[in-house]
Amino acid sequence: MTAEQLISFARGAPSLDIVDVEGLKAAAVRAFDADPGGITAYGTSVGYPPLRKWIADKHGVSVNQVLVTNGSLQADAFLFDYLVGPGDAVVVERPTYDRTLLNLRNRGGEIHAVTLQPDGIDTDELRKLLESGVRPKLAHIIPNYQNPAGVTLSMAKREALLDLAAEYGFTIFEDDPYVDIRFRGEAQPSMLSLDETGVVVHASSFTKTVCPGVRVGYLVGPAPLIGDIAKRATNLYISPGMVAQAIVHQFCASGDIDRSIETVKAALGERATVLAAALREHIPGVRFTEPDGGYFLWIELPDDVLADDVFTAAAERGVAVVKGSDFLLEGGEHALRLAFSAVTVDQIEEGVRRLAAAVQTVRR
């Protein structure tokens, strides 16, 4: 590997070697054979009906609780547009997904960032915020292998969040695109499955289990809310992409998705382990919580190292990273997000060596 080759820890996308291209090609043929009229015509704003039913069955809900969208980011945008107006309070994790912050800012939301701990959002801090008089419309939570921090919300905190939402009357937005990519640890039940009072709206995506290019995500929530958002979707685009959704349906219904998930989990589990070991070996003083799944590892650099400086020095050495400050309203000066999803094992060791050299160069 030459120094000129870029090694990117920046993008949260799977490398091509773990995408089931042949399975997707076969699913596309089956989709056109099975329903040529349905997938080449205008569809309905709630999504391709067979896929909608498959998702409903997966989550044990009625079909009218599901809206299939063009990617989960659009699902997020629909919900934010529906619930959040200028000046409305919203709770996010600190740190959180950068586009969540962008979208909520664009809505004019009053953002309250609550500390993220190794077992998820600090529910004691959240309770104090609520007791102070803040009344959020929603709390945006990424419960599994969080982007960017890689942490998983504990069972106790899932239950505490549900209790707080019921008590204080806010919606929990369970943004859960990484849930199936678990390569160690115990799976936790979704808050959607635990919800007895209708306070949870759940979103997920096929981006991480099939491929990003299909652009298929979805919302699951109370039927009246889904119905209202579906009306808005009709006015926006008549229907989402039926061809992509039909291909995903065939991929799922055939069981190909289960094989795809196992492939992704095995590859990313190995990459996460190699990355963690390389960081410990090559960057003394680095701190992180090793993830149980997902795409990301969040590192805290020593206090004499600024992420801005590392970002530049790493780029000069052919390594791309993302600064922690991108995922926070303030702070993150010593943090980086490293995505291990798009780097192969043989690239990781070299990438960390280059990153370590960048760190050493900029130490103050």
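This is a predicted model: local features need pLDDT of at least 70, side-chain atom pairs count only at pLDDT 80 or more; totals for chains, interfaces and linings use all residues.
An open sheet with mixed pairing is built from eight strands in the order 2-9-8-7-6-3-4-5. Its edges are formed by strand 2 (66-69) and strand 5 (120-121); each has a single partner strand, so one side of each is left without a neighbour in the sheet. Within this sheet, strand 3 (residues 89-94) and strand 4 (residues 110-117) run parallel and are joined by six bridges. In this pair, Glu-93 is placed opposite Val-114 of strand 4. Helix 3 (residues 49-59) packs on the sheet, where it touches strand 2, strand 8 (200-205) and strand 9 (217-220). The direction of helix 3 makes about 125 degrees with that of strand 2. Helix 9 (residues 223-237) also lies across strand 2, strand 8 and strand 9, and runs at about 30 degrees to strand 2.

A further open sheet has four strands, ordered 10-11-14-13, and its pairing is antiparallel. Here the edges belong to strand 10 (287-288) and strand 13, each with a single partner strand, so one side of each is left without a neighbour in the sheet. Strand 14 (residues 335-339) takes part in two of these pairings. With strand 11 (residues 296-300) it runs antiparallel, and five bridges join the two; Phe-296 has Ala-339 of strand 14 as its bridge partner. With strand 13 (residues 322-323), strand 14 pairs in the antiparallel sense over two bridges, and Lys-323 stands opposite Leu-336. Strand 14 is also mostly covered, with five of its five residues buried. The cover extends to both faces: Ala-335, Arg-337 and Ala-339 are buried on one side, and Leu-336 and Leu-338 on the other.

Turning to the helices, the axes of helix 6 (residues 123-131) and helix 7 (residues 155-168) come within 10 Å and cross at roughly 10 degrees. Because this crossing angle is under 35 degrees, helix 6 counts as roughly parallel to helix 7. Helix 6 contributes Thr-123, Leu-126, Arg-127, Leu-130 and Glu-131 to the contact, while helix 7 contributes Lys-157, Ala-160, Leu-161, Leu-164, Glu-167 and Tyr-168. By class, six nonpolar, one polar and four charged residues make up the contact of helix 6 with helix 7. Elsewhere, helix 5 (residues 98-106) has Thr-100, Leu-101, Asn-103 and Leu-104 as its buried residues. Their cover includes helix 4 (72-83), strand 3, strand 4 and strand 6 (138-141).

In soluble globular proteins, nonpolar side chains tend to be buried together. The largest nonpolar core in this model has 58 residues, and Ile-172 and Phe-206 are those with the most contacts inside it. Helix 10 (residues 242-253) gives the largest share of this core, six residues. Apart from this core lies another, of 44 residues, among them Tyr-97, Val-264, Ala-314 and Val-319. Beyond its neighbours within four places in sequence, Ile-172 is in contact with Ala-139, Ile-141, Leu-161, Leu-162, Ala-165, Met-191, Val-199, Val-200 and Val-201. When neighbours within four places in sequence are left aside, the contacts of Gln-250 are Ala-27, Arg-30, Ala-31 and Ala-34.

The backbone has several points worth a look. Most residues other than glycine have a negative phi, and most peptide bonds are trans. Against this background, the bond joining Arg-94 and Pro-95 is cis, with omega about 10 degrees, and Pro-95 lies in the loop between strand 3 and helix 5. Another cis peptide bond runs from Asn-147 to Pro-148, with omega near 20 degrees; Pro-148 is in the loop between strand 6 and helix 7. Arg-215, in the loop between strand 8 and strand 9, has a positive phi near 50 degrees and is partly exposed, with a relative accessible area of 39%. Ile-238, in the loop between helix 9 and helix 10, has a positive phi of about 65 degrees although it is not a glycine. Ile-238 is partly exposed, at 40% relative accessible area.

Methods:
Residues are numbered from 1 along each chain as its sequence is written. Side-chain values use heavy atoms; hydrogens and water are left out. Axes are lines fitted to C-alpha atoms, for helices over the stretch in contact, and angles run from 0 to 180 degrees between N-to-C directions. Angles under 35 degrees count as roughly parallel, over 145 as roughly antiparallel, 65 to 115 as roughly perpendicular and the rest as oblique. Contact means heavy atoms within 4.5 Å. Ala, Val, Leu, Ile, Met, Phe, Trp, Tyr, Cys and Pro count as nonpolar, Asp, Glu, Lys and Arg as charged, and the others, Gly among them, as polar. Buried means under 20% relative accessible area, exposed over 50%, partly exposed in between (1.4 Å probe, protein chains only). Two strands pair if DSSP finds at least two bridges between them. A nonpolar core is a set of buried Ala, Val, Leu, Ile, Met, Phe, Trp, Tyr and Cys residues joined through side-chain atoms within 4.5 Å.
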